Amino acid sequence: MLIHMRTQASPQQTGAVRQFLERLGYETAPLPYLGPGVFAALPGEDQVCLPDADPLPRLRRECQAALAIARLEPAAAHALTGRARRPGGTLVRVGPVAIGGEAVVVVAGPCSVESLDQLWATAQGVKQAGAHLLRGGAFKPRTSPYAFQGLGRHGLKLLAEVGARVGMPVVTEVMSAEDVALVADYADMLQVGARNMQNFPLLKRLGMAGKPVLLKRAPSATLDEWLGAAEYLMARGNDQVVLCERGIRGFDAHTRNTLDLAAVAAVRELTHLPVLADPSHATGRRSLIAAAARAAVAVGADGVCIEAHIQPEESISDREQAISPSDLAAFMPSLAAIAQAVGRTLAVPSSLFPVPLPPYSTTCRAV
Ligand code: PEP
Ligand code: MN
């Protein structure tokens, strides 16, 4: 349920109402994006009793500060993510980059951060190709426990350093609630990977992390489940949420997944949140990425996420889908043309020149 305090409500009154609800078994979270006196009351964890279904009568009877409540709004499944909440759409800001406006954005970078040299060369390449955000995995969700798991904290440092020098905000995956604070220290945007889309403790933490979130769709998630995951983030106060369609489980192993293009259009109808498409994980084949990226922009995606590597054939993870920065540069004009055909533009990349790295190199070769 959403509680709207009166405009004249004092912080003490708001605090008293929140405390009262917490004693009744709710957790409360301010929703600053809906206004200063709006907060959510959510069924709490670790409670000894069930929360009152309708706490209003008790609030009125026992809590003086309840006089300062303007209204209680019952909240159902997509109360916050539904398009009706913000028909004009949400603009998500990641540093200087805006996602969800007229301009289509390109997120590019390696699947995994492998070394300073690899990341630096790739970042410069994708920046030159016209990308706007740098991606790179430091904590990697791998199918096999024997596969490279990412450079972790060191990878985060490399990303932050290279992103700052090359003039691109960085996005990277966070796999567990415990890592949110650490990853948020280094990254401009936190990615929830497909495998974690319904990791609710992670979503709850990210709702309060104060950083934009890139929420990938799980390979078998319905739109309802995907938007439900986004609702978790918004219900804890974070409206800086970007959805990302990365392919769903299909029957044909020719492509790694099936890019659900209709879902991109559908979520634009259903929600005000921006949506990106990831043709790399969707197809798993470098030869299909340009075509799939163009299709995604045509169908209304607010941008694309593309895995690029300075030496695609040497990629430690997701080698088959890695393209080079020059491959990316080659199809950027066609993305711009398609964006224009659907009434949009390709965002202008920041004009910041890369700040050269100091003359040392800590090549940290992964095993
Ligand atoms: C990734 O972006 O590198 C990744 C692991 O993607 P997904 O979670 O979509 O598989
Ligand atoms: Mn990958």
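## Ligand 1 and the cysteines

In this predicted model, a backbone N or O atom of Ala194 is 2.7 Å from an oxygen atom of ligand 1. Side chains also make polar contacts with the ligand. Lys140 places a side-chain N or O atom 2.9 Å from a ligand oxygen, and a polar side-chain atom of His281 is 3.4 Å from an oxygen of ligand 1. On its own, ligand 1 has 300 Å² of accessible area, and the protein covers 97% of it.

| Residue | Protein atom | Distance to a ligand 1 oxygen |
|---|---|---|
| Ala194 | backbone N or O | 2.7 Å |
| Lys140 | side-chain N or O | 2.9 Å |
| His281 | polar side-chain atom | 3.4 Å |

The site of ligand 1 is the second largest pocket. Around the ligand are 13 residues, of which Arg135, Lys140, Gln191, Ala194 and Arg246 come nearest. Sorted by class, this shell consists of 7 charged, 3 polar and 3 nonpolar residues.

The cysteines are a separate matter. The structure has 0 disulfides. Cys244 is in no disulfide, and the nearest cysteine sulfur belongs to Cys305, 4.0 Å away.

Are Cys63 and Cys244 buried or exposed? Cys63 has a relative accessible area of 8% and is buried, because buried means under 20%. Cys244 is at 0% relative accessibility, so Cys244 counts as buried too.

Terms used:
Residues numbered from 1 in each chain as written. Chains lettered and ligands numbered in written order. Predicted model: local features only at pLDDT ≥ 70, side-chain atom pairs only at ≥ 80, totals over all residues. Heavy atoms only, no water. Near = heavy atom within 4 Å. Polar contact = N/O pair within 3.5 Å; in protein donor to acceptor, adjacent residues only side chain to side chain. Areas by Shrake-Rupley, 256 points an atom, 1.4 Å probe, with all protein chains shown as cover. 1 Å grid on protein atoms, 1.4 Å probe; cavity = no way out; pocket = protein on both sides within 12 Å on 5 of 7 lines; lining within 4 Å. Sits in = over half its atoms within 2 Å of the grid points. Nonpolar A, V, L, I, M, F, W, Y, C, P; charged D, E, K, R; others polar. Disulfide = S-S within 2.5 Å. Buried < 20%, exposed > 50% of the residue type's maximum accessible area, 1.4 Å probe, protein only.
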